Amino acid sequence: MIEPIRAKPTDASAIAQQGHSMHWSESLHFKLTLCQLCLLVVMIGSTIAVMFTVERSLLIEEGKDLAEQLGNRVVSDLETRTALAESLTTSLANLGEKLGTDVDTYKNVMPHVIDYEGNEDFIAGGGIWPEPNAFSPGVERRSFFWGREPNGTMKYFDDYNDPAGRGYHKEEWYVPATHYPPGKSFWSKSYVDPHSQQPMVTCTVPMHNEGRLAGVATVDLKLEGLGAMLHDASDVMRGYMFLVDRNNKFLTFPDLEVVTRNHVDDDGHSVVEFLTASDVAQENTSFSSVADALAGVNRRILEAANLAAPEATEIVRDIEKRSDQISREEARLIVAVLNDPLGEATVSSNEIERLFLDDCLLFDEPIMVSIFHMPTTYWKLIVVTPMSKFYAPADAATLKVGSYVIGLELSALLIMFFVSKRLFIRPLRRLSDQLRKMSASKDNFNERLCDTSQSELGQLAYHFNRRTDFLFETLNDLENARDQLEDRVTERTATLESTMTALQDANSQLIVAKDAAEVASKCKTDFLANMSHEIRTPMTAILGFSENLLDTSQSEQERLNCIHIIRCNGAFLLDLINDILDLSKIEAGKMTIERTTCEPCRIIAEVASLMSVRADAKSLSFDLEYEGAIPATIQSDPTRIRQILINLVGNAIKFTETGSVRLVTRLVHDHDVPHLRFDVIDTGCGMTQCQKSTLFQAFTQADSSITRQFGGSGLGLYISKRFAEMLGGDITVAATEKGAGSTFRVTVASGTLDGVCLHDDAMSMTVIADSANIAPEVSQVALPGCRILLAEDNVVNRVLIVGMFKKLGAEVIVAENGELALNAAMASHEKGDPFDVILMDMQMPVMDGYEATERLRQKGYTGPIIALTAHAMASDREKCIQAGCTDFATKPINRAKLIETIRQHLVPVEAASQVAG
């Protein structure tokens with residue numbers, strides 16, 4: 001039975017004393033007031049912060065839009081004025097093409113065309129400027145120009161026609177226009193007219209007569225009126241605007257002294273000229289960002305224009321050469337503008353750049369700079385707006401609205417304070433007094449709190465009154481909980497049992513995973529063993545024939561043969577190592593392909609030179625064929641193409657016993673892309689569809705019998721396919737049939753063949769070099785009268801080992817596979833003349849050395865059998881001993897160690913024969 005929990009006795013007077021001595025800072029009234037004050041501070045601060053940030057950002061965005069709209073409108077107004085000048089210039093050009101050569105007609109008609117009512121404020125003059133000898137034969141200069149006097153009247157000027165003067169054919173406004181098409185306007189740089197001291201620019205349109213350039217027509221446009229127009233428009237933004245031409249040379253500015261300077265010309269006259277943006281930036285660093293942005297726009301124009309074209313380059317050179325007023329960079333920009341590269345970029349809006357700077361030339365405050373592009377003229381309009389234009393309304397609106405909001409928040413918090421005091425603080429105090437009196441009473445435990453309201457305080461009193469009832473109910477709940485605990489223990493037991501079942505299932509899955517890991521480990525071991533065999537087999541020939549070279553009794557021909565065999569096996573070993581390295585690079589993603597100009601016929605000739613020797617060794621026919629015209633050169637990697645072809649042709653020769661191998665080359669087009677296609681066709685063993693499906697996987701051959709019979713690492717086709725894919729092509733099996741040969745097809749991208757010669761008779765271009773024919777050699781030790789059975793499928797190793805033991809005086813019988821070795825050993829044993837020792841290669845076709853040794857032991861053969869294999873791992877030795885081998889020797893052959901091993905096993909045999917005798 002659970003004992004009821006009893007409260008620890010307390011001193012009622014102490015509790016009462018504690019209740020009466022509560023500090024004012026601990027009172028709920030004080031804490032609530034403090035919380036309301038903190039809330040008021042947070043609300044006021046948040047309101048001000050939000051209004052300052054949000055309102056400012058909204059007004060700034062609105063200002064950006066306003067600046068963009070204003071700039072586009074001003075650009076439109078400027079275009080209207082420049083369009084009038086272009087239209088007037090075009091009219092003059094048309095007039096010049098039709099008036100003929102009557103001087104009086106020009107002088108009577110042209111002033112009325114140039115000077116009409118309404119254009120006095122912006123048209124400063126105009127004229128017609130013929131090409132040399134175009135107006136009158138033998139007369140180089142014959143222009144008709146009228147300029148506006150300070151009083152507004154037009155005056156005819158004949159200065160440019162003075163034979164002793166400078167003339168006009170080299171002027172900056174003349175030379176570029178001669179390259180413009182009919183009706184296309186060219187705008188000059190800004191300048192100050194020396195006669196009227198007015199800043200202006202010149203609009204030029206070429207004239208043509210029967211398709212030939214006849215001269216140009218010009219109209220001079222005053223810049224003073226443009227400056228006034230920009231000044232009026234900039235009042236909206238309380239900032240300022242100015243124009244620069246395509247060379248970023250100033251056309252207008254609020255303070256002309258900042259952007260102009262005086263200099264003395266070639267005639268000794270003081271002339272005012274406009275500066276460029278970069279000039280002003282050098283003197284005023286605050287203008288550097290704007291100058292850099294304007295220079296950046298020009299770089300974009302130059303990058304967008306096709307100035308690398310021959311005709312564009314020629315025009316740039318001609319303009320620079322003919323006018324000493326135009327630099328090469330200005331000539332490039334003129335030709336770039338001729339193609340209008342920004343036409344598409346400013347269809348929706350002419351704004352092309354926007355900057356935010358801390359200060360500027362005229363304002364000592366943060367500014368926003370908007371740069372606009374003017375089509376046709378390629379001038380740039382710069383709109384400068386002080387940021388105070390945006391901030392001032394935002395700050396005023398924030399203060400005004402914020403004061404109202406803060407007042408409302410303060411009033412709301414005061415009302416909340418009085419309401420909370422009436423609704424919460426007073427009822428809580430009454431409830432606290434009742435609890436204090438109840439705590440002081442020692443006898444009346446049935447006294448209840450007197451608060452029957454439906455508020456949270458009434459609910460608190462109700463639940464406090466039920467505390468005693470809940471205590472007894474809790475004791476009953478504890479009894480029930482004990483019973484439920486027993487039920488839960490039973491449930492947990494069942495859960496644990498199910499968990500154990502799940503663990504057993506997981507254990508079964510782990511066993512399956514372990515088996516899979518062991519299979520993977522075995523695959524890895526098999527691969528390492530195969531690599532060991534493939535490496536040690538050529539090493540046997542290399543080291544063995546190297547020792548033969550030390551034999552001084554060797555003839556010169558025998559030594560040459562040794563060198564040839566060493567070179568062939570060394571090359572094979574190098575190819576294997578290269579395959580492994582290539583594979584590791586491919587798998588790591590570090591293999592690279594170089595694309596250079598190479599000659600396919602030369603590559604094919606090199607492959608033929610290498611492969612014809614192998615084909616001749618097997619009495620196979622190796623032919624080259626070309627179908628159609630072959631390009632003299634292609635863009636590819638000659639090393640990888642040669643590696644692919646050598647691998648495929650080498651495989652074809654290796655798997656072909658009789659017949660021929662052909663390499664057929666032709667040029668094909670895949671989706672209009674030129675490719676070279678190589679077909680390697682053999683009459684070899686062919687493949688089944690099952691064997692074909694595993695061809696291009698790393699470390700695999702058609703099946704294990706192929707590996708035993710022909711050797712190989714299984715890397716060649718996998719690496720070649722990856723190379724072909726990296727060269728933009730592929731390797732596929734075009735045709736194959738078991739026992740009827742195979743056709744492997746390689747394609748590689750040739751790159752562009754524009755301007756490449758195609759050879760119809762490519763065979764005449766294929767020069768095949770003769771292969772050097774070098775011959776073998778041998779060595780010596782001493783095993784007189786010893787009979788040895790050598791089971792070895794490799795021809796080179798057989799030659800090496802037989803030659804070595806014959807030098808020692810031994811008799812060597814050769815078996816080319818395990819089955820022949822088994823038959824020869826048993827036949828000799830049954831005749832009573834067993835071999836003194838058997839040297840058994842463990843990996844051979846038909847029957848391998850393991851099986852042959854096991855069968856010999858099963859048949860009762862007790863003579864020494866020494867395993868001679870390129871499988872050199874510790875597990876391989878154990879496997880050979882378990883198969884029945886007496887001892888174990890590895891390839892490459894260590895001659896002294898092998899002879900010593902043989903002698904160790906000859907002693908008991910000789911002793912046994914003496915006992916038997």
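Strand β1 (residues 123-130) and strand β7 (residues 212-222) run antiparallel and are joined by seven bridges; strands here are DSSP runs of E of at least two residues, helices are runs of H or I of at least four, and both are numbered from the N terminus. Two strands pair if DSSP finds at least two bridges between them. The model is predicted, so local features need pLDDT of at least 70 and side-chain atom pairs count only at pLDDT 80 or more, while totals for chains, interfaces and linings use all residues. Residues are numbered from 1 along each chain as its sequence is written, and side-chain values use heavy atoms, with hydrogens and water left out.

Within the pairing with β7, Gly126 has Val219 as its bridge partner. Strand β1 also pairs with strand β2 (residues 144-148), again in the antiparallel sense, over four bridges. Here Gly127 stands opposite Phe145 of β2. Eight of the eight residues of β1 are buried, so the strand is largely enclosed by the rest of the structure; buried means under 20% relative accessible area, with exposed over 50% and partly exposed in between (1.4 Å probe, protein chains only).

Turning to another region, Pro864 sits in the loop between α21 (849-858) and β26 (865-869). Pro864 is buried, at a relative accessible area of 7%.

For the chain overall, 23 helices and 27 strands are found, and 43% of the 917 residues count as buried. Of the contacts (heavy atoms within 4.5 Å) between residues at least 6 apart in sequence, 67% join residues at least 24 apart.
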